Amino acid sequence: MWIFGYGSLIFRPDFPWIERRRAWVHGYARRFWQGSPDHRGVPEAPGRVVTLVRADGTCGGRAYRIDPNEGDAILAALDAREQAGFERVRLDLLESPAGPPFARGITWIAGSANSHFLGPLPEAEIAAIIRERRGPSGPNAEYAIRLRDALRELGIVDDHVETIASLL
């Protein structure tokens, strides 16, 4: 069983894994368009975290192979962690942006119909919001910078994340 992380699961998985590797998903882009009323913000001042939105190309992240015997408990914990608008989705995990799938994996996507979806804004406005917000998991800016740094460590370039982190 595989889990795909494209946001905080890259730098803070909080679950046991057997193997981890870079992976990509086709047809999506990572965007700071989801509100976070529970981790990087509060209900009256939600932070902004990433979700996947439909787009041409691929989005890189980290895949974790987990022990199937621990799968139910791990998935339940991740469902609770990703409860503010995220839904569990199965996707093909690619070994490279243009490579073949190596597995089918589970991730969590917050679609535009959920009540916490904030949608697009100019990147400078997104960065200004992120700079000011904080929640129980810490400052929203820390999330954005840690995500940028984790992607760099994986050799994954994400212009949206880079731009927002540079504006912080």
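Biologist: How are helix 3 and helix 5 oriented to each other: roughly parallel, roughly perpendicular or oblique?

Modeller: This is a predicted model. Helix 3 and helix 5 pack with their axes 9 Å apart, at an angle of about 55 degrees. Roughly parallel needs an angle under 35 degrees, and roughly perpendicular needs 65 to 115. The two helices are therefore oblique.

Biologist: Which residues of helix 5 meet helix 3?

Modeller: Helix 3 passes helix 5 in a right-handed crossing. From helix 3, the residues in contact are E123, A124, I126, A127, I130 and R131. Their partners in helix 5 are H160, T163, I164 and L167.

Biologist: Where do the buried residues of helix 5 lie around its axis?

Modeller: Buried in helix 5 are H160, V161, I164 and A165. Seen down the axis, they fall within an arc of 120 degrees, so they line one face of the helix. They pack against strand 2, helix 3 and helix 4. D159 and S166 are exposed on the other side.

Biologist: Which backbone nitrogen lies 3.2 Å from a polar atom of the Y143 side chain?

Modeller: Y143 has contacts with R48, V49 and V50, among others. A polar contact needs N or O atoms within 3.5 Å. At 3.2 Å, the backbone nitrogen is that of V50.

Technical notes: Residues are numbered from 1 along each chain as its sequence is written. This is a predicted model: local features need pLDDT of at least 70, side-chain atom pairs count only at pLDDT 80 or more; totals for chains, interfaces and linings use all residues. Side-chain values use heavy atoms; hydrogens and water are left out. Buried means under 20% relative accessible area, exposed over 50%, partly exposed in between (1.4 Å probe, protein chains only). Helices (H or I, at least four residues) and strands (E, at least two) are DSSP runs, numbered from the N terminus. The arc is that of the directions from the helix axis to the C-beta atoms. Contact means heavy atoms within 4.5 Å. Axes are lines fitted to C-alpha atoms, for helices over the stretch in contact, and angles run from 0 to 180 degrees between N-to-C directions. Angles under 35 degrees count as roughly parallel, over 145 as roughly antiparallel, 65 to 115 as roughly perpendicular and the rest as oblique. A crossing is left-handed if the near helix is turned anticlockwise from the far one by less than a right angle, and right-handed if clockwise. A polar contact is a pair of N or O atoms within 3.5 Å; within protein, one must be able to donate a hydrogen and the other to accept it, and residues adjacent in sequence count only if both atoms are side-chain atoms. Lists of a residue's contacts leave out its neighbours within four places in sequence.
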